[in-house]
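This report covers a predicted model.

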Amino acid sequence: MSDWDIAVDRDLCLGSGICVAASNGAFMLVGDRSQPAASPCRAGEEILLAAMSCPAEAITIVDVDTGRLLFPEES
């Protein structure tokens, strides 16, 4: 299993907490904005689901080994 670099654009983040609830501890609210609990972190489906659930699309995920942007998907 690979590691992912996760980031939250705090200017876009609405502080809804959806990522915190969906990610099993991968995100936390600091003040009124989300941030990764640790980055890089072990890859996990719950992190991807949290990013996909973000209403502000403020979360990016990059595979550490390949440098490939996993979310949002490149078009």
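## Salt bridges and buried packing

The count of salt bridges in this predicted model comes to two. Both are listed below with their nitrogen-to-oxygen distances.

| Salt bridge | Distance, N to O |
|---|---|
| R42 and D3 | 3.1 Å |
| R33 and D32 | 3.4 Å |

D3 is partly exposed, at a relative accessible area of 28%. In the other pair, R33 also has a partner in D32, and R33 counts as partly exposed at 24% relative accessibility.

Helix α2 spans residues 45-53, and within this helix I47, A50 and A51 are buried. These three residues lie on the same side of α2 because they cover an arc of only 100° around the axis. E45 and M52, on the other side of α2, are exposed. The buried residues of α2 pack against several elements, namely β1 (3-8), α1 (18-22), β2 (27-30), β4 (41-42), β5 (59-63) and β6 (69-71).

W4 belongs to strand β1. Is W4 buried or exposed? Its relative accessible area is 11%, under the 20% cut-off, so W4 is buried. Leaving aside neighbours within four places in sequence, W4 is in contact with S39, P40, C41, A43, G44, I47, L48, I61, V62, D63, V64 and L70. W4 and L70 are 66 residues apart in sequence, while their C-alpha atoms are 9.0 Å apart in space. I47, one of the contacts of W4, is among the buried residues of α2.

Notes
Residues are numbered from 1 along each chain as its sequence is written. This is a predicted model: local features need pLDDT of at least 70, side-chain atom pairs count only at pLDDT 80 or more; totals for chains, interfaces and linings use all residues. Side-chain values use heavy atoms; hydrogens and water are left out. Buried means under 20% relative accessible area, exposed over 50%, partly exposed in between (1.4 Å probe, protein chains only). Helices (H or I, at least four residues) and strands (E, at least two) are DSSP runs, numbered from the N terminus. The arc is that of the directions from the helix axis to the C-beta atoms. Contact means heavy atoms within 4.5 Å. A salt bridge is a side-chain nitrogen of Lys or Arg within 4 Å of a carboxyl oxygen of Asp or Glu.
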